[in-house]
Amino acid sequence: MPLLGGIRPPIAVLCLLILALAGGTAKVLGPGGAAVVPKAVLTSQQYFAEDGAIALRASIDERVTDLQRTAAALNAGPRVEPERVLSDLGKTYQKWTGTTVLGLESGEVLAARGERIPLAWLDEDVLTGEHALTPRMVRLETGDVRLMTMVLLDWKDGPQQLLIASNSLSVPAINMGPFRTMSVVARDGEVLATAGFEESEALNSDKQREELAFLQKQMSRLSDQAAERTEEHPVSAREPGSRGYPGVSGTLLGDDYAGRVTTAGYASLASSDPEEKDSVAAGLGLTVVAMLPVVQQQDAAETGRELYGLVAAGALVVLGLLAAAVLWAAVQRPLLRMFLESRRLARGDLTRPVTVPRWGETARIGAALERLRAQLGGADEGPGAGSGKVRFGVRVPLALTAVVLLLWCVPVGLLLNRTDGSVSVPATIVNDQRDRTDLIADRVRRALNEAQADLVSTSRLIDAEEPGAAGKLLSDALEEHTRYQALYVVDADGEVVARAGGDPHDWSDDEDLSLVRVSGRGDKKPVIQAGAPVPEHKGTTLVGEVRVEFLNSLLNRPGLGEVRVVDAEARTVAASDGFQAFERLPGDALTDLVRAGSVPVGAGPVENGLLLRDGGDVTVAAAAPFSGGGIASDIGWSVVSSQDADHFEIAAYEREDRSVLAGMLGLAAIVVCLGWVYLVVARPLRALATSAEKLADGDLKTVHYPRYQDEVGAVVRSLELLRQQLQAGRQNQTRRPAESRPGAGGR
């Protein structure tokens, strides 16, 4: 009996798939251990730590780059006194805690500003060798750690000098929101700096001090774990398929206190483009840890939904058994009966009539076998005798089986656990959307401030009376600063004196206009300009056009959805996704949110976050105006972010996605198994029925070859044996009349 192919394997596989799917449905949709906090909250802390790491890395790299550019500009010009060097450096960049100029030959301190920089760590290894003048971390006498950056001042007409600048490794000055704390951690797990903890003396009760001590211990323990995990390689540490952050990042879960669970995200400092750009900060081995205590949420309404999962799993088992019974009764059993009957006839057992099924291809085959049995027994049946008139094919039970299983797949995939506009979104997610939007606004504001500060530094080297030298200087600056698409010098009459890069646009020297502005209404792209007056040349301005793509890259952060930069009129200037220049925000709610955030409250405008419900759609949106100082804080721009709540890993949306997945898996099982039956059994069975009827009608010339080693193939082999027996019988009948006339042709 054929066992490897035929009808049995697809039915068995269908039963196994149904049982596996039912078990998976009961596990993922049925009652289970509730998560301590939603995954979306943990993921949000990871994103917050990544944002903090990006801000810290950018801050450190920018300080190192600014110092190197300043040294290169000084070395290209005439000799400058040490005091003048530090004075100009302090006026241009207010970002170092201390600066010192040291004579390399004498070892004397020639000038110093800010906090005192110790020099005991300076030795031959620091100043020479492969890693000479590499920035490094130094611990002060007070126990604080500073990052020391060194550049060489080398003029032809004097001895070499060493410019040293120190800056703290403090937590980036970003809006962390209420109750969140952040720390900067070294490789060994030591916490170098923290932000967000209240001072113990400012607390009013012993319970608050006890909670503060608990949180500080949690930060220390989680920092140790984060430092250990960030030692892994980013490729091996990241989950398969995850993208976006080049370093190591993840989430941690701490202990609970007073009904709140400690959650944390961590991220190592990594280069924004490891393949093309080295990062000084990435080589320091620092990690940023963001910690937030959240209230464990309990939703009693979810218990009923979990019971639906068990009911769905039980219904699938019942319907699966019914489908398997249909295939067994309508396809497998009649086919096996025809296999046994054809083998009996092929062996010469013609005593019993063939048991003919009631319908389908097997009924046609059974009727043909009965006619063949009669022909082998000596009866002479005409063509078509004994064939049934009503012929329901095997496709009917296959269609019936598909309908039975679809009765489960369609309701589960389309109706079970469907969400609507009443989905509960944790307040932590809305707050994090607001705070991260404010962080992006701070990044964009700082980037524009840095762009204008670089122009100020470059403008001091420009001599407007020598256009050739100024053009060469602008070309070098444009090649070094990738944020600009064009640099040009405009005189008091608005004429371009020197230029580099793309075509210049009009610039007005109106004092009422900000030095950072946007123009280009009606063009394909906004024109973002920053200007800096050229010293000793009244009315002359160095203008740099900031690339829109540069701002777009600052907005592209996971977990924030669509992010836009809008001007004072709420028109789009830059966006993380595609946009049209100066287009309005989608929906009046976002426009109102921007206007509300621009209204001065207390010390200035504040960021806002909202949960918008429109029918069955739930959207988390936030708007943060530029604030915090610098030339860009007064231009009236804002950053707006919005994303659909179904992108969050919330229990309701996860259960809906799993229900859809279960329905799709059931549909896939139907297609695979029933398609298998159709291709391997149904189509060959229809061809077999036609061949059997032709043979019963007297077609003895067609040879029957079995294509498969299964039940259908076994019946085909039996038909071939019956054909050979009928052919031999007819040949014998033809020879008998000739043998009955022995005297034919004689006397």
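Trainee: Which sense of pairing do strand 16 and strand 20 show, and over how many bridges?

Mentor: Happy to start there, and keep in mind that this is a predicted model. Strand 20 covers residues 638–644. Its pairing with strand 16 is antiparallel, over five bridges.

Trainee: How many bridges join strand 16 to strand 17?

Mentor: Look for Arg564, which stands opposite Ala575 in strand 17. The two strands run antiparallel, and their hairpin has five residues between the strands. In that hairpin, Ala570 takes a positive phi near 60°. The number of bridges joining strand 16 to strand 17 is three.

Trainee: How many of the residues of strand 16 are buried?

Mentor: Strand 16 pairs with strand 20 and is joined to strand 17. Strand 16 is mostly covered. Of its five residues, the number buried is four.

Trainee: Since helix 10 has come up, are helix 2 and helix 10 roughly parallel or roughly antiparallel?

Mentor: Take helix 2 as residues 39–76 and helix 10 as residues 427–459; their axes come within 10 Å and cross at roughly 10°. Angles under 35 degrees count as roughly parallel. That crossing angle therefore makes the two helices roughly parallel.

Trainee: How many charged residues are in the contact of helix 2 with helix 10?

Mentor: From helix 2, the contact includes Asp51, Glu62, Asp66 and Arg69. From helix 10, it includes Asp432, Asp435, Arg436, Arg443, Glu450 and Asp454. The contact has seven nonpolar and three polar residues, and the charged ones number ten.

Trainee: What is the strand order of the open sheet of five strands?

Mentor: Start from the edges, strand 2 (109–114) and strand 3 (136–139), each of which pairs on one side only. Strand 4 (residues 145–153) and strand 5 (residues 161–168) pair over eight bridges, and Arg146 has Ser168 in strand 5 as its bridge partner. The pairing in the sheet is antiparallel, and the order is 2-1-5-4-3.

Trainee: Which strands of that sheet does helix 3 touch?

Mentor: Helix 2 packs on the sheet, touching strand 4 and strand 5, with its direction at about 20° to that of strand 4. Helix 3 (residues 82–92) packs on the sheet too, and its direction makes about 20° with that of strand 2. The strands touched by helix 3 are strand 1, strand 2, strand 4 and strand 5.

Trainee: How are helix 9 and helix 14 oriented to each other, roughly parallel or roughly antiparallel?

Mentor: Helix 14 spans residues 651–696, and its axis comes within 9 Å of that of helix 9, crossing at roughly 175°. By class, the contact has 15 nonpolar, five polar and two charged residues. Angles over 145 degrees count as roughly antiparallel. The two helices are therefore roughly antiparallel.

Trainee: Does Leu414 count as buried or exposed?

Mentor: Leu414 lies in helix 9. Leu414 and Ser659 are 245 residues apart in sequence and 8.0 Å apart in space, C-alpha to C-alpha. The relative accessibility of Leu414 is 55%, so the residue counts as exposed.

Trainee: How many disulfides does the count come to?

Mentor: A disulfide needs two cysteine sulfur atoms within 2.5 Å. For Cys15, the nearest cysteine sulfur, that of Cys673, is 8.7 Å away. Cys15 is partly exposed at 27% relative accessibility, whereas Cys409 is buried at 7%. The count of disulfides comes to zero.

Conventions:
Residues are numbered from 1 along each chain as its sequence is written. This is a predicted model: local features need pLDDT of at least 70, side-chain atom pairs count only at pLDDT 80 or more; totals for chains, interfaces and linings use all residues. Side-chain values use heavy atoms; hydrogens and water are left out. Axes are lines fitted to C-alpha atoms, for helices over the stretch in contact, and angles run from 0 to 180 degrees between N-to-C directions. Angles under 35 degrees count as roughly parallel, over 145 as roughly antiparallel, 65 to 115 as roughly perpendicular and the rest as oblique. Contact means heavy atoms within 4.5 Å. Ala, Val, Leu, Ile, Met, Phe, Trp, Tyr, Cys and Pro count as nonpolar, Asp, Glu, Lys and Arg as charged, and the others, Gly among them, as polar. Two strands pair if DSSP finds at least two bridges between them. Buried means under 20% relative accessible area, exposed over 50%, partly exposed in between (1.4 Å probe, protein chains only).
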